[in-house]
Amino acid sequence: MAPAAPSVLLLTCLVLLLGRAAPAAEEYGLEITNNGPITTGAQATVHANLKFITGNLTIAQIEDSRLITHGSSSSMGAVTRISFCLHDPSHYFKSASFVYNWDFGDGVYQITKEPFVYYNCSTMGNRTVHLKVIAEWEQIGSIIHEREMVQKTGDFTTALELLDAVKSIHVVGSRETHVMENLSLSLHINGTPPLALCWLIKSECIPLEGEKCHLVVINGSCYNLSHTFSDAGQYCLSVRVENGVTMLQTYHEIKVWPTGIHPAFFVLLCIALVSVMLGLVLYTTFRSNTQQKDLVEVADFDFSPLSDKKLSSHSESGCGQICCRSCFLRSSQEAARESHELLRSFYKPVKMYTV
């Protein structure tokens, strides 16, 4: 039975060496059977605990206080969170303390005790993020039964692609057209391609989340579209553009006129209506001023004795033409007659005789 011991020890060392390449933290069981002439029937079972740090890196972009995951892509100039997720279903590292060494691939390094880090870069391009995780804890030794420090490490990498965010969508084209006319519009986009563009024309402006639309992928910054309307009315072009890291949406209102009616017709009609109203106001003002002038001229009194008959005839004709001024003229005439009577009482005619 003695010769079996070196064989068992040798196989155990081989298992330990192979276990260092194992990607997962699991407990391995090994059963060794030696059927040699001296060790016939001898068995040896070896249990090896091969624990390594396993996990994965995730990249998320912070948008409106929310974490948005876009795979390995992030927006240039935005705050990016890189996190490490430990895979430890057996809770082997539950008493361990961790240290995280981050290398962002652009000469920037950072050491944290938390499994995540925030990164902000204003340079567009691709880079590789390296992370080294160190776990340490104390345990009682199996041989001398004293406390000893145990350390495990793990190296991880992930690709980080920084793209320029979709900053603006500019729609170039007319906002008016006619039925059965071809309307051409041009979309100018400020963002890093490739771009996923989705557009839809309906009677109202709607967000294009989950809606059916015309989806195209463009590798540039400009896209031309054309559409023919069969009915008149008010329409809206909804456009959504995204490039894997950001999404932007805009709207463009369109007025469709019936065939044969030009918008200039309504403008001319409004101008004519305003002109008529202005002329009516001017005519009313001029006529009112003329009537006031006539009233002043009628109130010119003549108190001479010979104008009694003329005044009487003039008052009668005035009352016949203008009813509203009759009372005023009559009162004036009565006052004039009273004055004439007073004058007549002091007037004595002179008789002339010829001898």
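Strands, as named in these legends, are DSSP runs of E with at least two residues, numbered from the N terminus.

**Figure 1. Overview of the predicted model.** The structure shown is a predicted model, and the protein contains 4 helices and 19 strands. Of its 355 residues, 32% are buried. Contacts between residues at least 6 apart in sequence join residues at least 24 apart in 63% of cases. The accessible surface of the protein is about 23,800 Å², and carbon and sulfur atoms account for 58% of this area.

**Figure 2. Confidence along the chain.** The average pLDDT of the protein is 74, and 59% of the residues reach at least 70. Residues 1-6 have a pLDDT under 50, and the model gives them 6 contacts beyond four places in sequence. The stretch of residues 44-49 also lies below 50, with 17 contacts in the model beyond near neighbours in sequence. Where pLDDT is low, the predicted coordinates should not be read in detail.

**Figure 3. The largest nonpolar core.** This core comprises 23 residues. I53, I82, F84, F98, W102 and V133 have the most contacts inside it. Two or more residues come from each of the strands β3 (55-63), β6, β7 (97-103), β9 (116-120), β10 (125-140) and β11 (147-163). The largest share, 5 residues, is contributed by β10.

Figure 4. Beyond its neighbours within four places in sequence, F84 touches several residues, among them I53, Y100, W102, L131, V133 and F156. A second, separate core of 21 residues includes V171, I201, L225 and F229.

**Figure 5. A nonpolar patch on the surface.** I62, V79 and Y118 together form this patch, with about 230 Å² of accessible area. V79 belongs to strand β6, which spans residues 79-86. Is V79 buried or partly exposed? V79 counts as partly exposed because its relative accessibility is 34%, and the partly exposed class lies between under 20% (buried) and over 50% (exposed).

**Figure 6. Two loop residues with positive phi.** H91 lies in the loop between β6 and β7. The phi of H91 is near 60°, a positive value in a residue other than glycine. H91 has a relative accessible area of 53% and is therefore exposed. M180 is located in the loop between β13 (176-178) and β14 (182-190). The phi of M180, likewise a residue other than glycine, is positive and near 65°. M180 counts as exposed because its relative accessibility is 58%.

Conventions: Residues are numbered from 1 along each chain as its sequence is written. This is a predicted model: local features need pLDDT of at least 70, side-chain atom pairs count only at pLDDT 80 or more; totals for chains, interfaces and linings use all residues. Side-chain values use heavy atoms; hydrogens and water are left out. Patches are made of residues with over 30% relative accessible area and no salt bridge: like charges are joined within 9 Å, nonpolar side chains (Val, Leu, Ile, Met, Phe, Trp, Tyr) within 5 Å. Accessible areas come from the Shrake-Rupley method with a 1.4 Å probe; for residues, only the protein chains shown count as cover. A salt bridge is a side-chain nitrogen of Lys or Arg within 4 Å of a carboxyl oxygen of Asp or Glu. Buried means under 20% relative accessible area, exposed over 50%, partly exposed in between (1.4 Å probe, protein chains only). pLDDT is the predictor's confidence in each residue, from 0 to 100. Contact means heavy atoms within 4.5 Å. A nonpolar core is a set of buried Ala, Val, Leu, Ile, Met, Phe, Trp, Tyr and Cys residues joined through side-chain atoms within 4.5 Å.
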